[in-house]
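Let's take a friendly walk through this chain, from its overall form down to single residues. Please have the structure open as you read.

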Amino acid sequence: MESTNKYFLSDMSVMFERSMRHISRSMDTIITVCITPIAMMLLFVYVFGGAIKTGT
């Protein structure tokens, strides 16, 4: 158990670097991460926003 705690941060940093390298090389992932929040915002504002009456 002690060795698990000892190498946790170093292992986590290695996996984070590998993940970032993979994401930066994948154009599909970059496009999805950029477009999904914008699409969700537009969906909730224009599609669902008219269904709720908030007054003035």
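## Charges

For the charge count, Lys and Arg are taken as positive and Asp and Glu as negative, while His and the chain ends are left out. On that basis the chain, which is a predicted model, has 5 positive and 4 negative charges, and their mean positions lie 8 Å apart.

## Overall form

What does the secondary structure come to? The chain has three helices and zero strands, and from the N terminus on its elements run α-α-α. The radius of gyration is 20 Å, well over the 10 Å that the globule rule gives for 56 residues, so the chain is more spread out than a compact globule. The C-alpha trace spans about 60 × 30 × 15 Å along its principal axes.

## Surface and burial

How much of the chain counts as buried? Of its 56 residues, 2% do. The accessible surface comes to about 5500 Å², and carbon and sulfur atoms hold 68% of that area.

A nonpolar patch sits on this surface, formed by Ile38, Met40, Met41, Leu42, Leu43, Phe44, Val45, Tyr46, Val47 and Phe48.

Leu43 is placed in helix 3, which covers residues 27–47. Its relative accessibility is 32%, so Leu43 counts as partly exposed, given that this class runs between the 20% limit for buried and the 50% limit for exposed.

Val47 is also found in helix 3. Here the relative accessibility is 51%, and therefore Val47 counts as exposed.

## A look at helix 2

Ser10 lies in helix 2, which takes in residues 8–25. With a relative accessible area of 35%, Ser10 is partly exposed. Where does His22 stand relative to Ser10? The two are twelve residues apart in sequence, and from C-alpha to C-alpha they are 19 Å apart in space.

Note on methods
Residues are numbered from 1 along each chain as its sequence is written. This is a predicted model: local features need pLDDT of at least 70, side-chain atom pairs count only at pLDDT 80 or more; totals for chains, interfaces and linings use all residues. Side-chain values use heavy atoms; hydrogens and water are left out. Patches are made of residues with over 30% relative accessible area and no salt bridge: like charges are joined within 9 Å, nonpolar side chains (Val, Leu, Ile, Met, Phe, Trp, Tyr) within 5 Å. Accessible areas come from the Shrake-Rupley method with a 1.4 Å probe; for residues, only the protein chains shown count as cover. A salt bridge is a side-chain nitrogen of Lys or Arg within 4 Å of a carboxyl oxygen of Asp or Glu. Helices (H or I, at least four residues) and strands (E, at least two) are DSSP runs, numbered from the N terminus. Buried means under 20% relative accessible area, exposed over 50%, partly exposed in between (1.4 Å probe, protein chains only). The radius of gyration is taken over C-alpha atoms; the globule rule is 2.2 Å times the number of residues to the power 0.38. The place of a charge is taken as NZ of Lys, CZ of Arg, CG of Asp or CD of Glu.
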